[in-house]
Structures are given as C-alpha cells and as structure tokens.
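Please examine the sequence and the structure shown below.

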Amino acid sequence: MGDYSKATLRKALLEVFEESEILEDEPMSLYTTFEIGGMTDFMVEPTSARQIVQAIEAARKADSPYWVLGCGSNVLVSDAGLRGLVIHLGERFSAIEVDGVRITAQAGATNKAIANIALENSLAGYEFASGIPGSVGGAAFMNAGAYEEEFKGVATNVTCLDSSLNVLELTNEEAQWGYRSSRMAREGLIVLSVSIELHKGKQTDIAAKMADLKDRRESKQPLEHPSAGSTFKRPVGYFAGKLIDDAGMRGHRCGGACVSTKHAGFVVNDLNATARDVCRVIEDVQGAVEEQFGVKLEPEVRMIGFEFGDEPPAHDCKVHGHRH
Ligand SMILES: Cc1cc2nc3c(=O)[nH]c(=O)nc-3n(C[C@H](O)[C@H](O)[C@H](O)COP(=O)(O)OP(=O)(O)OC[C@H]3O[C@@H](n4cnc5c(N)ncnc54)[C@H](O)[C@@H]3O)c2cc1C
C-alpha cells in the first residue's frame with residue numbers, strides 16, 4: 001500500500017460508483033456483530049459481480065488494500081479500523097433462485113433468508129444454518145456448521161473470483177472444505193454465488209426442526225450480548241467451552257469484554273468493549289487453557305486491521321483477513 005492516499009481511492013471509486021454509494025469513514029462497529037471496530041476509509045456495497053470487479057480494480061489502481069465483508073459475524077476489526085476499501089456484500093447482492101431442489105444464491109444472501117425460502121418450497125437440509133447469523137458467502141468461506149452439519153454437506157458449486165479477477169466455478173470437491181476452512185479462505189478467493197442441493201421434505205417437519213434449533217441456540221448461547229459466536233475452533237478431542245470453564249475462565253473480564261457466563265465458548269462485548277479488550281481476554285484464555293491442559297486454542301474469529309496501529313494480538317492469535 002506504498003502510495004495509497006484516500007484522495008486517489010476516492011477518485012478511482014467515483015469512476016465506478018455514484019457519490020452517494022461511497023461511504024467514507026464508516027465505523028466498522030456498525031457492520032460487525034461484535035459491535036466493535038474503528039473506521040474504514042471507504043465502503044461500497046456492489047450490486048453485481050461486475051461491480052465487485054470494478055471496486056477491486058479501483059482499489060488496485062489506487063494502490064489501496066481492500067477487504068471483503070459479509071454480515072461481519074465472524075470478524076474482530078481492530079480499534080484502529082481499516083485503511084482502504086471494504087467491499088460489503090449484503091442486501092444489494094443477495095438474489096436467491098430456486099430450481100427444483102437446487103437453490104442458487106448470491107454471496108450476500110443471508111443463511112436465514114435461504115432457510116426461509118427453502119421452507120416455503122418444502123426443501124429440507126438447510127435448517128442447521130438457519131440460525132447462523134452470516135451470509136452464504138461467509139458460510140462457504142468458513143464452511144460454517146452447526147448441530148453436526150456443515151455447509152459442505154449441501155453445497156454443489158461455488159462461483160468465485162480469483163486474484164486475477166477471473167471467474168472460477170468450483171465443484172464441492174474443488175472447494176476443499178475442512179473444519180471451518182476452505183480453498184476460498186486459503187487462496188483468498190472471493191465467493192460470488194453458491195448453489196446448494198436440498199431434498200423434498202414436509203413443511204411442518206422443516207419448520208419444527210428450525211424452531212427446535214432456534215430454541216437450543218437461545219437457551220445455550222449468549223445472544224443477548226454482541227459477539228462473533230464461538231470464539232475458538234473446537235480442538236480435536238475437546239470442547240473449547242468446557243476447557244475454558246474447567247480452567248476457571250468463565251466470566252473472565254478485560255475492560256468491556258468477558259468470557260460469557262452463559263456459554264464459556266463465547267467472548268462477548270458486554271460493556272462497550274474495544275478490540276484490544278477482546279484480544280486480551282482471548283490471550284488470557286489461551287494462556288490458562290494451555291497451562292492447565294496443554295491444549296492450544298486457536299481463534300475461529302478472524303482478526304482484521306491489527307496492522308494499522310493497535311497492539312497486535314499475541315503471536316499464537318493468528319491475524320487473518322481477506323486482504324489482497
Ligand atoms: C451469535 C452467533 C452464532 C454463531 N453461530 C455459528 C455457528 O453455529 N456455526 C458457525 O459456523 N458459525 C457461527 N457463527 C459465526 C459466523 O456467523 C459464521 O462464521 C458465518 O459463516 C460468517 O459469515 P459472515 O457473512 O458474517 O462473514 P464475515 O464475518 O463478514 O466474514 C468472515 C470471513 O469471511 C470472509 N468473507 C465473507 N464473505 C465473503 C465472500 N463472499 N467472499 C470471500 N470471503 C468472504 C471475510 O473476508 C472474513 O474473512 C456465529 C456467530 C454469531 C455472532
């Protein structure tokens with residue numbers, strides 16, 4: 001980002017977007033379920049694959065970093081915010097089409113919207129994702145999963161953009177999904193759309209399963225506080241929440257962030273927490289669990305923007321981000 005300047009990026013964006021479509025100095029706390037994060041220089045919300053390409057070209061022309069964001073439900077954005085451009089894939093890029101048992105959705109469609117459309121069409125198989133508060137692009141990128149099911153179990157194809165801005169059509173196998181991982185994450189591909197294949201079911205059964213999973217989430221998870229869901233990946237052979245609890249870290253607090261007292265697997269923002277507060281809780285929990293049980297907890301939450309001025313998270317707290 002050698003010569004990056006806001007003025008150059010603004011000018012490049014104005015060649016593609018109307019002035020009213022370019023948000024400047026937007027607080028990222030408004031776009032993340034943690035409700036944390038400093039400002040981004042610019043944010044746009046493209047309406048088509050072509051506009052996504054044009055936004056990236058504008059960023060590259062201005063020598064600016066850029067970031068792709070869905071619902072912001074699995075990210076911790078630094079207090080210093082993000083320099084450059086956030087490409088927000090949301091409502092304006094969220095068309096959903098049903099063709100028999102197949103549903104194709106643009107990346108910004110939410111899991112909830114897809115699950116509801118599946119229900120309307122008596123299609124079973126996406127109930128597990130109905131309560132995952134992200135976009136389908138984020139679900140493909142993360143291989144989101146819940147209640148013993150994962151995104152890879154229903155996906156047939158993923159359409160992506162590679163770093164040369166070519167469109168790639170990946171089959172399920174080519175997406176190389178693993179536990180909360182994918183080829184898209186490893187190679188920094190941008191998910192444009194996804195097709196999933198469901199099966200015919202009884203509408204009442206589908207509705208009942210969605211309602212049951214919703215109840216289970218509401219009774220177990222601290223949904224009353226902002227968070228990014230499970231903070232840590234499940235270590236092989238253990239449950240992160242139980243390890244954290246057994247290490248005596250339930251309720252452990254740094255500033256406005258703490259380990260939830262309702263579910264120790266969640267770090268929550270319960271009092272105007274900063275990203276730094278969350279990182280400190282994460283580091284303390286990692287330290288306590290490793291010291292007592294010899295298990296290294298790896299964050300599932302992706303940390304972005306920490307190179308712009310905040311104290312970086314501890315070395316074993318990987319800095320992620322869809323930065324190109
Ligand atoms: C209360 C709560 C409960 C949760 N429960 C679950 C759960 O049960 N199971 C589960 O797996 N997760 C869960 N999560 C985490 C989160 O919802 C998922 O990881 C979700 O898939 C993230 O989607 P998103 O659109 O919010 O992605 P974001 O948070 O916006 O982004 C996450 C990562 O994906 C990248 N990304 C997003 N969209 C694209 C795209 N189109 N192309 C390329 N990269 C992209 C971003 O750059 C970023 O690196 C929960 C979160 C919360 C807050």
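## The nonpolar cores

In this predicted model, the largest nonpolar core has 61 residues. The members that touch the most others are Leu-13, Leu-85, Tyr-126, Phe-151, Val-158, Met-184 and Ile-196. Helix 2, residues 49–61, gives the most to this core, namely six residues. Domain 1 (6–91) and domain 2 (94–219) both contribute residues, so the core lies between them.

Another core, of 29 residues, lies apart from the largest one; Ile-244, Met-249, Val-278 and Val-295 are among its members.

The domain assignment of the protein chain gives domain 1 (6–91), domain 2 (94–219) and domain 3 (240–301). Taken over C-alpha atoms, the centres of domain 2 and domain 3 are separated by 29 Å.

Leaving aside neighbours within four places in sequence, Ile-196 is in contact with several residues, including Val-101, Ile-103, Ile-114, Tyr-126 and Phe-151. Val-154, Ala-155 and Thr-156 are also among the contacts of Ile-196.

Helix 3 covers residues 111–120, and Asn-111, Ile-114, Ala-115, Ala-118 and Leu-119 are buried in it. These residues cover an arc of only 140° around the axis, which puts them on the same side of helix 3. An α-helix has 3.6 residues a turn, so residues three or four places apart point the same way. On the other side of helix 3, Lys-112 and Glu-120 are exposed.

The buried residues of helix 3 pack against strand 6 (96–99), strand 7 (102–106) and strand 8 (123–124). They also pack against helix 4 (136–142), strand 13 (190–197) and helix 6 (203–220). Just after helix 3, Ser-122 takes a positive phi of about 55°.

Strand 6 and strand 7, against which helix 3 packs, pair with each other in the antiparallel sense over four bridges. Ile-96 has Ala-105 in strand 7 as its bridge partner. The two strands form a hairpin with two residues between them. In the turn, Gly-100 has a positive phi of about 65°.

## Cysteines

How many disulfides does the structure hold? The structure holds zero disulfides. Cys-160 is in no disulfide, and the nearest cysteine sulfur, that of Cys-71, is 18 Å away. A disulfide requires two cysteine sulfur atoms within 2.5 Å.

Cys-160 counts as buried because its relative accessibility is 0%. Cys-279 also counts as buried, with 0% relative accessibility. The cut-off for a buried residue is under 20% relative accessible area.

Terms used
Residues are numbered from 1 along each chain as its sequence is written. This is a predicted model: local features need pLDDT of at least 70, side-chain atom pairs count only at pLDDT 80 or more; totals for chains, interfaces and linings use all residues. Side-chain values use heavy atoms; hydrogens and water are left out. Buried means under 20% relative accessible area, exposed over 50%, partly exposed in between (1.4 Å probe, protein chains only). The arc is that of the directions from the helix axis to the C-beta atoms. Contact means heavy atoms within 4.5 Å. Two strands pair if DSSP finds at least two bridges between them. Domain bounds come from an automatic or database domain assignment. A nonpolar core is a set of buried Ala, Val, Leu, Ile, Met, Phe, Trp, Tyr and Cys residues joined through side-chain atoms within 4.5 Å.
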